[in-house]
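User: I would like to go through this model by way of questions, with the cut-offs spelled out along the way.

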Amino acid sequence: MEQDVDKQVKEAIAAIQDPYAGKSLGELKWVKSTAVERGVASVHIELGYPAAGAREQFEQLAKEAVESLEGVKEVKVEISWKILSHAVQRNLKPIKSIKNIIAVASGKGGVGKSTTSVNLALALIAEGATVGLLDADIYGPSQPRMLGLSGRRPETPDGKSIDPLEAYGLECMSIGFMIDDEEPMIWRGPMVTSALNQLIGDTNWSELDYLVVDMPPGTGDIALTLSQQVPVSGAVIVTTPQDIALLDARKGLKMFEKVSVPVLGVVENMSTHICSNCGNEEHIFGTGGGASMAEQYSVPLLGSLPLDIRIREEADSGHPTVIADPEGPLALRYREIARSAVAKLAAQGRDYSRLFPKISIENS
């Protein structure tokens, strides 16, 4: 009898649709185990992405799916996660200490890409992941200021590699740590791409679940180097609803498509303006642009963020929103967007190259 109930429990849990990945738990193979003993159903769901902020949501989904089954008197649910490496561009292998690299890009400057990048990275930490942040905007590095690390210099333990700086549990590397704030970067393409490769390859990153890369605007040398030479698992496109921003964002999305980097989704920043005096909300940059773009290219709209003075003030002060007001509505929105992005990544193909031994053939 209990075997029949256990089978029903397993089927009910497997049929649950993951609200962030967009597929069933059974399809994703995230049902770790089920058991029924004396009317108590025990369920263990092991997600492929960090979801500390959605633990109660998944517990409720599991209970609702099982508690009405005949023979079930009580439901116990365990939620955990295991973050794996995912497939990257052909002919490239993931960096040894980094499971997944996620590029955050935009087609043009001024859409809030860097602010979004740092808050998404911190949101992933809040969700339960180990995370690093690479400031790849060589000409306009802004992460040192946003993380309160301006004026700090990284150390080199051996004269060849450099240790990342850390803020709020987030490892960070930026060319901004090597130069003065007002020093212009008058470099040509080859120097820029060499610097980018060194920032990634020569940094002593810890064992990271995700390295978030704050990319420069546009589709120039740095963007091409990153998309062609660095093993990127997925990309997030940041835009505003404004037509001109959407036009450039589409170019960034198409660039990733051409180099076989999956686009995890679109974030519509500055979707509405909230008046700091009266609280009135209005669409000063237009409406629905991010959703329209996502639909056009068959990628998810990960979420929308308002044009809110607090986001700017908190980033400028070195305390990004996710840190400054961790339980506030803006921080929770960043966490939901971050959760959705890595859930989409977790639903994609895995990287199996780490599982195979390296074979070399020598003449004897």
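User: Where is the place of Lys-160?

Analyst: This is a predicted model, in which local features need pLDDT of at least 70 and side-chain atom pairs count only at pLDDT 80 or more, whereas totals for chains, interfaces and linings use all residues. Residues are numbered from 1 along each chain as its sequence is written, and side-chain values use heavy atoms, with hydrogens and water left out. Helices (H or I, at least four residues) and strands (E, at least two) are DSSP runs, numbered from the N terminus. On that basis, Lys-160 lies in the loop between H5 and strand S6 (165-167).

User: Is Lys-160 buried or exposed, and how many Å apart in space are Lys-160 and Thr-203?

Analyst: Buried means under 20% relative accessible area, exposed over 50%, and partly exposed in between, with a 1.4 Å probe and protein chains only. Lys-160 has a relative accessible area of 71%, so this residue is exposed. Lys-160 and Thr-203 are 43 residues apart in sequence, while their C-alpha to C-alpha distance is 9.3 Å.

User: What phi does Arg-38 have?

Analyst: Most residues other than glycine have a negative phi. Arg-38 sits in the loop between strand S1 (31-37) and strand S2 (40-47), and with a relative accessible area of 73% Arg-38 is exposed. Although Arg-38 is not a glycine, its phi is positive, at about 55 degrees.

User: In which loop is Ser-260 found, and what is its phi near?

Analyst: Ser-260 is found in the loop between helix H8 (243-258) and strand S10 (263-268). With a relative accessible area of 48%, Ser-260 is partly exposed. Its phi is a positive value in a residue other than glycine, near 60 degrees.

User: Which elements do the buried residues of H10 pack against?

Analyst: In helix H10 (residues 309-316) the buried residues are Ile-311, Glu-314 and Ala-315. Seen down the axis of H10, these buried residues fall within an arc of 100 degrees, so they line one face of the helix; the arc is that of the directions from the helix axis to the C-beta atoms. Taking contact as heavy atoms within 4.5 Å, the buried residues of H10 pack against H4, helix H5 (143-146), helix H11 (321-324) and H12.

User: Which residues line the largest cavity?

Analyst: On a 1 Å grid over the protein atoms alone, a cavity is a set of points where a 1.4 Å probe fits but cannot get out, and lining residues have an atom within 4 Å of a point. Grid points are joined across faces, edges and corners, and a volume is the space filled by probe spheres set on the points. The structure holds 1 cavity of 30 Å³ or more, and the largest has a volume of about 60 Å³. Its lining is formed by Ile-102, Val-104, Leu-120, Leu-124, Val-212, Val-236, Ala-338, Ala-341 and Val-342.

User: Which element provides the largest share of the lining of the largest cavity?

Analyst: Strand S4 (98-105), helix H4 (113-127) and helix H12 (329-346) are the elements that give two or more residues to this lining. The largest share, 3 residues, comes from H12.

User: Which residues touch the most other members of the largest nonpolar core?

Analyst: A nonpolar core is a set of buried Ala, Val, Leu, Ile, Met, Phe, Trp, Tyr and Cys residues joined through side-chain atoms within 4.5 Å. Of the 108 residues in the largest one, those touching the most other members are Val-9, Tyr-49 and Phe-256.

Terms used. On a 1 Å grid over the protein atoms alone, a cavity is a set of points where a 1.4 Å probe fits but cannot get out, and a pocket is an open set with protein on both sides within 12 Å along at least five of seven lines; lining residues have an atom within 4 Å of a point.
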